[in-house]
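Dear colleague,

I am passing a structure on to you, and below it I have set out what was found in one part of it. Please look through the structure first and then read on.

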Amino acid sequence: MKNSALVVGSTGIAGSNLAKELVAQGWETYGLSRNPSKPLKGVHQLRGDLLDPGSLKEALSGINPTHVFFTTWMRQENETENIRVNSTLVRNMLDVLSLKRSVAHVALVTGLKHYLGPFESYAKTGNLPGTPVREDQGRLTFPNFYYAQEDVVFEAAARDGFTWSVHRPHTIIGEAVGNLMNMGTTLAVYATWCKERGLPMVWPGSREQWSGLSDVTDARILAKQLVWAATTPAAQNQAFNVANGDVFRWNRLWFDIADWFGIAAEGFVETIRPLESTMTGIAEDWTKIVKTHGLKESHLERLISPWHTDLDLGRPLEVVTDMTKSRKLGFTAYQDTRDSFFDLFKSLRTGQIIP
């Protein structure tokens, strides 16, 4: 049987890059989202609401996927609601697919909040995790929607007999408009605004993040690991960290990014200076920038997520990701982090998102 993939959340950073990778590897690929936007070459786009089982039945009526990849979530006001909504969307999809008896493998993308805690208590406990974070570090005592989603997958796997994999990326770097958590594009817009105003890029985060080691996950590396785990028997029914494979310090990369945009930069000085505060009220400036340079996206809220960038860069510890587990099983893909950012910036410029 030919592999048939269903990418849930195919318009996001993770989902769109995964869909491209699947098509490149010859998979029959379906992409499901609430509002399919620009078409992806080789991807059959489906429209469906993950919180409406009837909508899902209709969207999936003509397909029988062998592999399902969850790459999306819905942000709510608090973690209790995150748990309720994001476990429901996984359960609804798997319940609808259960009737088809076609699914052989389900992959779930979560992240390092598995180790750091949910947004409400994000890395703020007195018992900070040891780094580099490893997959054998147990669940925290905090309620966490990642754990709830995992449990739904585990229960459905026991019921329906499919294998599973869980993937825990660090901050994902890649292109997508309208994404909830998009550090790369947020920094590109911030740098563009600084350049237009003649201002330096000011480091918004903590001393620990500024001087400590870090890593990120290129969306293309995540896509490769998702496909690898889905097709490698030794990798099934396991959870994996996934990052580029290199490490860096922001106190060097911050200046590299500023240099790419041709602007000055300012590092950590005594206290955190949140990007969300800095970028509040720049919508009018962005409208002028769009008009001046003939850009394609005037809705600033579809491009930036400073709240998420502040969470990542404001953490009171360095965070690096241990990749030993998947390396031992044969996953060897690697990506230079500078190129992750610079490739994204070039793509945003080519697509007329930034000048």
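What is the volume of the second largest pocket? In this model, which is a predicted one, the second largest pocket has a volume of about 150 Å³. Its lining is made up of Asp246, Val247, Phe248, Arg249, Asn251, Arg252, Leu253, Asp256, Asp336, Thr337 and Arg338, and the elements that contribute two or more residues to that lining are β12 (248-249), α9 (250-261) and α14 (337-350). Of the elements, α9 gives the most, with four residues. Sorted by class, the lining of this pocket holds six charged residues, three nonpolar ones and two polar ones.

Two of these elements, α9 and α14, also pack against each other, at an angle of about 25° and with their axes 11 Å apart. Because angles under 35 degrees count as roughly parallel, α9 is described as roughly parallel to α14. The crossing of the two helices, α9 and α14, is right-handed.

On the α9 side, the contact is made by Trp250, Leu253, Asp256, Ile257, Trp260 and Phe261, while α14 brings Thr337, Arg338, Phe341, Phe342, Phe345, Lys346 and Arg349 to it. The contact of α9 with α14 comprises eight nonpolar residues, four charged ones and one polar one.

With best wishes

Conventions:
Residues are numbered from 1 along each chain as its sequence is written. This is a predicted model: local features need pLDDT of at least 70, side-chain atom pairs count only at pLDDT 80 or more; totals for chains, interfaces and linings use all residues. Side-chain values use heavy atoms; hydrogens and water are left out. On a 1 Å grid over the protein atoms alone, a cavity is a set of points where a 1.4 Å probe fits but cannot get out, and a pocket is an open set with protein on both sides within 12 Å along at least five of seven lines; lining residues have an atom within 4 Å of a point. Grid points are joined across faces, edges and corners, and a volume is the space filled by probe spheres set on the points. Ala, Val, Leu, Ile, Met, Phe, Trp, Tyr, Cys and Pro count as nonpolar, Asp, Glu, Lys and Arg as charged, and the others, Gly among them, as polar. Axes are lines fitted to C-alpha atoms, for helices over the stretch in contact, and angles run from 0 to 180 degrees between N-to-C directions. Angles under 35 degrees count as roughly parallel, over 145 as roughly antiparallel, 65 to 115 as roughly perpendicular and the rest as oblique. A crossing is left-handed if the near helix is turned anticlockwise from the far one by less than a right angle, and right-handed if clockwise. Contact means heavy atoms within 4.5 Å.
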